[in-house]
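Thank you all for coming; I would like to walk you through one structure this morning, taking it piece by piece.

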Amino acid sequence: MSRQIILTVPPRMWRQFRETLLSARQNGTEEVIGFLFCRQQHLSRRKRRLLANSWVVPMSDCYASQGIGGLALRQEFHLELLRRYAGTGMDIVHVHTHPGRFTPSFSGIDDVAERQYSRFLARLPGRPRLTSCVFDENLHVGSFRHWRPEGVVAKDRVVFSAQWLEGHSRRNRGSSVPERFDRQRVFGRGFHESLQSLRVGLVGCGGIGACFAEQLSRLGVRRWVLVDPDRLETSNLNRLPAATEQMVRENWPKVRYIDRLIHLSWPKGAEIRSVCDSIQSKMAQDDLARCDLLITATDNHYSRMLCQELALRLMKPLLCLGTQIEVSETDNSCRILSRITVPPLGGGWCLMCGDIISANLAALEMAPSQITDSVRAAGYVPGVAAPAVYWANSCCASLGVYVVHGTLCGLLDLTDGIDWVMEYGQKRWLQVSHEDTDDCFYCSAAKDRAKVGGNRLSVSLTT
Ligand SMILES: [Zn+2]
Ligand SMILES: [Zn+2]
């Protein structure tokens with residue numbers, strides 16, 4: 001049985017890994033080698049993901065020989081790798097380069113060395129599996145293969161992904177785009193193919209979620225997972241496009257309403273899973289695990305926190321959308337804000353350590369009622385309907401759609417994440433920058449580092 005294996009490396013990890021690998025050369029274009037250590041995620045019987053968790057690049061003193069025709073690492077280096085990673089349950093990805101700038105093929109020497117290595121790994125605790133990659137001298141294009149433990153190359157197709165959101169190429173610009181997208185032809189066929197194949201998980205189907213789904217489905221996304229436990233109420237009608245009083249009278253779940261909204265754009269061809277439940281439910285999480293992109297647009301901290309945790313665990317791109325209307329009780333002044341946040345894929349900073357949401361408020365939202373009663377007495381009011389207007393939700397959702405459009409078209413680089421705040425009254429658009437944190441409970445690699453003994457380090461051994 002042949003399977004598809006998607007090797008996912010967060011873009012900033014790939015950037016660091018690639019730069020370190022290139023700097024391990026002493027003169028020119030000699031071959032270099034590095035190792036990625038990956039967690040496995042099973043998607044189905046035929047589909048698996050390898051999620052890069054850490055990497056090691058040997059510096060030149062780790063090589064026994066290093067040239068254009070091949071390379072060999074010192075025994076001490078291999079022992080050091082084993083000491084760090086054997087028994088961690090992670091698979092090993094072996095990356096090396098060949099001279100030249102074209103897509104390289106594996107050599108006969110590669111075949112022999114990798115066959116032995118895959119057999120050797122299969123005898124270690126945790127039986128790590130070997131995936132191997134050979135790249136051109138600049139690490140732009142590569143060939144990939146997966147090894148079976150008995151030392152045979154598997155028929156599995158390995159797909160490499162080191163982007164925030166994986167898209168198709170932009171070749172064949174303009175040709176055979178469906179007529180309904182005639183005015184979007186300029187963005188190329190690859191753009192449309194990417195949108196058509198993208199599965200978007202929308203958590204929160206209220207005012208922002210509805211505008212986002214309406215606009216992104218008009219742009220070309222037809223595959224959705226919708227998650228929201230609530231039903232339509234009369235007070236929602238000021239801001240939900242195409243929602244009716246009849247839907248409210250018939251007590252429609254919000255996911256059903258958005259399903260209808262998407263079908264207006266896609267009478268044929270829509271693929272929608274609606275889960276009228278919270279993101280805590282297993283069904284919701286299983287469906288979201290199959291998505292390529294997660295959107296959180298809910299009205300509470302707790303569900304946004306769960307969404308961020310899910311995105312980190314599954315290494316999925318996350319887009320967080322929110323608006324806020326604050327009215328001052330002293331002078332009656334009013335601030336209206338929208339915030340569009342994309343934390344970097346794979347961690348560095350996240351919604352919690354970036355203070356976009358509050359883990360404390362999230363805990364309060366989930367606390368038993370006697371605790372929330374006492375907190376309410378102290379001034380914090382969870383669950384009270386926040387003010388909301390259509391235009392501010394719509395601006396926020398539009399910018400969110402631009403993030404998807406921009407990244408697929410190469411207009412926007414999300415390698416290090418973004419955090420945009422629009423303050424309408426001040427006519428200001430702020431770009432909030434975040435430092436990476438080493439001690440975030442949620443997103444730091446420090447836990448792994450402690451466990452495996454070294455993460456993101458260029459190991460340099462002297463003998
Ligand atoms: Zn080779
Ligand atoms: Zn964090």
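How many residues has H12, and how far does it reach from its first C-alpha to its last? Before I answer, a word on what we are looking at: this is a predicted model, in which local features need pLDDT of at least 70 and side-chain atom pairs count only at pLDDT 80 or more, while totals for chains, interfaces and linings use all residues. Residues are numbered from 1 along each chain as its sequence is written, chains are lettered from A and ligands numbered from 1 in the order in which they are written, and side-chain values use heavy atoms, with hydrogens and water left out.

Now to the answer: H12 has 19 residues and reaches 27 Å from its first C-alpha to its last, close to the expected 27 Å, where the expected span is 1.5 Å times one less than the number of residues. When I speak of helices (H or I, at least four residues) and strands (E, at least two), I mean DSSP runs numbered from the N terminus. I will also say buried for under 20% relative accessible area, exposed for over 50% and partly exposed for anything in between, with a 1.4 Å probe and protein chains only. In those terms, 14 of the 19 residues of H12 are buried, so the helix is largely enclosed by the rest of the structure.

Val401 is a residue of this helix, H12, and it is buried, with a relative accessible area of 8%. Leaving aside neighbours within four places in sequence, Val401 is in contact with Phe212, Gln215, Leu216 and Leu219, contact meaning heavy atoms within 4.5 Å. The C-alpha atoms of Val401 and Cys211 are separated by 9.6 Å, although the two residues are 190 apart along the chain. Just after H12 comes Gly410, which takes a positive phi of about 75 degrees.

Let me step back to the chain. It contains 13 helices and 17 strands, and of its 463 residues 51% count as buried. Among contacts between residues at least 6 apart in sequence, 68% join residues at least 24 apart.

In H4, residues 189–197, the buried residues are Gly190, Phe191, His192, Ser194 and Leu195, and what covers them includes H5 and H12. Helix H7, residues 254–265, has 12 residues and reaches 17 Å, close to the 16 Å expected. Its buried residues are Lys254, Val255, Tyr257, Ile258, Leu261, Ile262 and Ser265. Seen down the axis of H7, these buried residues fall within an arc of 160 degrees, so they line one face of the helix; the arc is that of the directions from the helix axis to the C-beta atoms. Their cover includes strands E10, E11 and E12 and helices H5 and H6.

That brings me to the metals, where donors are N, O and S atoms within 2.8 Å of the metal (3.2 Å for Na, K and Ca), and where sites may look incomplete, since water is not among the atoms. Which residues coordinate the zinc ion, ligand 2? They are Cys350, Cys353, Cys440 and Cys443, each through SG, at 2.3 Å. The 4 donor atoms subtend angles of 107 to 113 degrees, which makes the arrangement tetrahedral; four donors count as tetrahedral if all angles lie between 85 and 135 degrees. Cys350 lies in the loop between strand E15 and helix H10, and Cys440 in the loop between strand E17 and helix H13, so the pair ties together parts that are 90 residues apart in sequence. Both Cys350 and Cys440 are buried.

The zinc ion listed as ligand 1 is coordinated by His96 and His98, through NE2, and by two OD atoms of Asp110, at 2.0 to 2.3 Å. Here the 4 donor atoms subtend angles of 57 to 147 degrees, which makes the arrangement irregular. His98 sits in the loop between strand E6 and helix H3, and Asp110 in helix H3; His98 and Asp110 are both buried.

I will finish with two backbone details. Arg127, in the loop between H3 and strand E7, has a phi near 40 degrees, a positive value in a residue other than glycine. Ala242, in the loop between E11 and H6, also is not a glycine and has a positive phi of about 65 degrees; at 48% relative accessibility, Ala242 counts as partly exposed.

Notes:
Tetrahedral: all angles 85-135°; square planar, octahedral: opposite > 155°, others 65-115°.
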